[in-house]
Structure formats: C-alpha cells, structure tokens
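Visitor: I am new to this structure. Could you show it to me and take some questions?

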Amino acid sequence: MALFGNAHTVDPATAQQDYARLLGQNEQVHAAYQLIRDTILFTDRRLLLVDKQGITGKKVEYHSVPYRSITHFAVETAGTFDLDAELKIWISGSPTPVQKTFTKGVDIYEVQAILTQFVAK
C-alpha cells in the first residue's frame, strides 16, 4: 500500500479533535501528518492511515496498524537534489512496505523517533 505525495505536519490537538470518532477511550494522538488528501496519525496505541478515495474524497478507508505488527521501518533523509524524505514501514504478512514521502519541512528524525518509541517497546 503506497500513497504518493508530500506530507506536512498537522497539530496533534487538531487531529485529536478531527478524528475523535476513530480513537479509542483515552487514546492520544502524538503526531499527525497531512498527505495531499490522506492523513497519517501516530497515536499511543497504533498507526492510523486515513485514505480518502474517489474524486470527491467522500469515501474514506481507515487502516489501523497496531505497532506490534510493524516488523521494521526505514527513513531516508532529504538530499541535495532530492528534497523529500521518505518513510517505509513493513507490516507483518505484507512483503511490500507502506511508503510515505515527506517535504523537507517535516523533521524525518522526529517521525523516526516516534516510531522507535512505540515499535521498539
């Protein structure tokens, strides 16, 4: 499952309010990123991928990935000519990683630290 485009940071408190119906009791959003029409949420319990579909984006698919299902991940920093950073996440049972592209305005090291905090427990 690869979603294409560039992500930017979203205020976690705003994401907490916008996606409250999807969150469990006392589940907290620690970081959120907007990816064109889609959203990536890092909560204290799981990775939540919000995939808007169709021309209008009214149809939405929600992917809930428990951190324990993430087998490994990789970050690639932005370079001189390639200004985007990338995140790849491998989920157990899937040979193809989830791939996300972040603009240089997003601290990819922060994204990596969030994943480390929750995946490496």
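Visitor: Which side chain does the side chain of R46 join in a polar contact?

Guide: This is a predicted model, where local features need pLDDT of at least 70, side-chain atom pairs count only at pLDDT 80 or more, and totals for chains, interfaces and linings use all residues. Residues are numbered from 1 along each chain as its sequence is written, and side-chain values use heavy atoms, leaving out hydrogens and water. A polar contact is a pair of N or O atoms within 3.5 Å; within protein, one must be able to donate a hydrogen and the other to accept it, and residues adjacent in sequence count only if both atoms are side-chain atoms. At 2.9 Å, the partner of R46 is S64.

Visitor: Is R46 buried or exposed?

Guide: Buried means under 20% relative accessible area, exposed over 50%, partly exposed in between (1.4 Å probe, protein chains only). R46 has 14% relative accessibility, so R46 is buried.

Visitor: How many aromatic pairs does a search of the whole structure find?

Guide: Rings of Phe, Tyr and Trp (its six-membered ring) pair if their centres lie within 6.5 Å. Planes under 30 degrees apart count as stacked, over 60 as edge-to-face and the rest as tilted. The search finds two.

Visitor: What kind of pair do Y33 and F42 form?

Guide: Their centres are 6.1 Å apart.
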